Amino acid sequence: MKISRTKFVILFLVSAFAFQFITNALALSEVRLFPGNGESFLGTGSETGWRSVVSTILLPVKVVLIGPLIPFINFLRQEPDTPPPFFLIGFAFYWTMLALILYYLFGKIKRSANKHDF
């Protein structure tokens, strides 16, 4: 199945924001897209047993999706009233770059597999 680059990036962004929202809803005390000040973006601050297990299982994915943005997040959190669009723009930019890299790698893998078919 061939998917356009734009469609892949849009699907990746929607999926990443949905993943961020759902994991924050499971791991944090409030249901929000971005945690409040003092709460971890990786969602590891939960005290409840099952929430702790879920956040531990999802931690590797969150490290890839959010880990490189921690310096950006810390910079924005220096100002207590940072508007949420700054977080949205930062996340969307990073996730777009990540999606383009994945699209390129998947394309190379597919071309390599097709070259070896007889």
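Predicted model: local features only at pLDDT ≥ 70, side-chain atom pairs only at ≥ 80, totals over all residues.
Q: Which residues in the largest nonpolar core touch the most other members?
A: That core has 17 residues, and the ones that touch the most other members are Phe 12, Leu 65, Ile 73, Phe 91, Trp 95 and Leu 98.

Q: Which elements give two or more residues to this core?
A: Helix H1, covering 5-27, and helix H2, covering 49-66, each give two or more residues, and so do helix H3 at 70-76 and helix H4 at 84-115.

Q: Let's stay with H2 for a moment, which of its residues are buried?
A: The buried residues of H2 are Ser 55, Lys 62, Leu 65 and Ile 66, and Leu 65 has already come up among the core residues that touch the most other members.

Q: Where in H2 does the kink lie?
A: The kink, of about 55 degrees, lies at Leu 59, shortly before the proline Pro 60.

Q: Switching to aromatics, how many aromatic pairs does the structure hold?
A: The structure holds five aromatic pairs. One of them is formed by Phe 17 and Trp 95, whose ring centres are 4.8 Å apart and whose planes stand at 75 degrees, so the pair is edge-to-face; the cut-off for that class is over 60 degrees.

Q: Which parts does that pair tie together?
A: Phe 17 lies in helix H1 and Trp 95 in helix H4, so the pair ties together parts that are 78 residues apart in sequence.

Q: Are those two buried or exposed?
A: Both Phe 17 and Trp 95 are buried.

Q: Which residues form the aromatic cluster?
A: Phe 8, Phe 12, Tyr 103 and Phe 106 form one aromatic cluster, and of these Phe 12 was also named in the largest nonpolar core.

Q: Now the largest pocket, what is its volume and which residues lie nearest its centre?
A: The largest pocket has a volume of about 320 Å³. Its lining has 11 residues, and those nearest the centre are Lys 2, Tyr 103, Phe 106, Gly 107 and Lys 110. Tyr 103 and Phe 106 also belong to the aromatic cluster.

Q: Where does the largest share of that lining come from, and what classes does the lining have?
A: Helix H4 provides the largest share, with seven residues, and by class the lining has six nonpolar, two polar and three charged residues.

How values were computed:
Residues numbered from 1 in each chain as written. Heavy atoms only, no water. Core = buried A, V, L, I, M, F, W, Y, C linked by side-chain atoms within 4.5 Å. Buried < 20%, exposed > 50% of the residue type's maximum accessible area, 1.4 Å probe, protein only. Helix = DSSP H or I, 4+ residues; strand = E, 2+ residues; numbered from the N terminus. 1 Å grid on protein atoms, 1.4 Å probe; cavity = no way out; pocket = protein on both sides within 12 Å on 5 of 7 lines; lining within 4 Å. Points joined across faces, edges and corners; volume = space filled by probe spheres on them. Nonpolar A, V, L, I, M, F, W, Y, C, P; charged D, E, K, R; others polar. Phe/Tyr/Trp six-rings, centres within 6.5 Å; stacked < 30°, edge-to-face > 60°. Bend = angle between axes of the 7 residues up to and from the residue.
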